[in-house]
Amino acid sequence: RGLSDSTIEAAGLGWIQKDLYDNREAWGLPREDRANGRPKRLWLPAGLVIPLFVDGRVARLRVRRPDPGDGPRYVMIPGGSTVPTVWGDDMPAVAIVESELDGWLVHQEASDLVGVIALGSVSIRPDRGCHERLRRATSILMALDADAAGMKQSWKFWRETYGGKVKRWPVPVGKDPSEALRAGLNIRAWISAGL
């Protein structure tokens, strides 16, 4: 995905080698019982662990599964925050991407040019903090995935809420910044051209 060792360390990315099942109460979650009365276990799927830290504490764990089969590609561990991830809160321009991994990549390559907000999903809307951040922005590059869902979500809400400073700016090759990087796109040049 083009992330440097220092970015991986700053992000706190990790790996779960195989599916794990743990006691829900050990994670601060309430007990849930199955239909047979036995306690339900907390599923920690194998894959890339993507944390969100707020004030130095883990606020969310999302796992990107390498081979999800018919299941979801991303699994959010219960009890986590659903707020978007934000980098560069003091930057005048903002790029909005879907995944945290794409957010880390754009932040790594262009943190001196643009702040970044990773929604976590194409349908997520800004929380109060992100909304205020976007109201202050001088320009917003709407860089949701270059697929049908990203195209659909890119206009109505965002333009109605933040007006003419919203510019649809999908990657010119691939579906998202990570795919575009693998196809040879210079992420910094792409962001610079959008600004």
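Q: How do E8 and E9 run, and how many bridges join them?
A: They run parallel and are joined by four bridges; strands pair if DSSP finds at least two bridges between them. Strands (E, at least two residues) and helices (H or I, at least four residues) are DSSP runs numbered from the N terminus. Within this pairing, Ile96 stands opposite Ile117 in E9.

Q: What basis do the values have?
A: The model is predicted, with pLDDT of at least 70 needed for local features and 80 or more for side-chain atom pairs, while totals for chains, interfaces and linings use all residues. Residues are numbered from 1 along each chain as its sequence is written, and side-chain values use heavy atoms, leaving out hydrogens and water.

Q: Which strands make up the sheet, and in what order?
A: The open sheet has five strands in the order E7-E9-E8-E10-E11, with mixed pairing. Strand E7 (85-87) and strand E11 (166-168) are the edge strands, each pairing on one side only.

Q: In what sense do E7 and E9 pair?
A: E7 and E9 pair in the antiparallel sense over three bridges, and Trp87 stands opposite Val116 in E9. By contrast, E8 (residues 93-97) and E10 (residues 139-142) pair in the parallel sense over four bridges.

Q: What unit do E8, H2 and E9 make?
A: Together with helix H2 (residues 100-110), E8 and E9 make a right-handed β-α-β unit. Right-handed means that, with the strands pointing away from the viewer, the path from the first strand over the helix to the second runs clockwise.

Q: Why is H2 described as largely enclosed?
A: Eight of its 11 residues are buried, so H2 is largely enclosed by the rest of the structure. Buried means under 20% relative accessible area, exposed over 50% and partly exposed in between, using a 1.4 Å probe and protein chains only. Trp104 is one of the buried residues in H2.

Q: Turning to aromatics, how many pairs are there?
A: A search of the whole structure finds four aromatic pairs. Trp87 and Trp104 form an edge-to-face pair, at 5.2 Å centre to centre and 75 degrees between the planes. Rings of Phe, Tyr and Trp (its six-membered ring) pair if their centres lie within 6.5 Å; planes under 30 degrees apart count as stacked, over 60 as edge-to-face and the rest as tilted.

Q: And what sits over the ring of Phe157?
A: The charged end of Arg125 does, 4.5 Å from the ring centre; the criterion is NZ of Lys or CZ of Arg within 6 Å of the ring centre and within 35 degrees of the ring normal.
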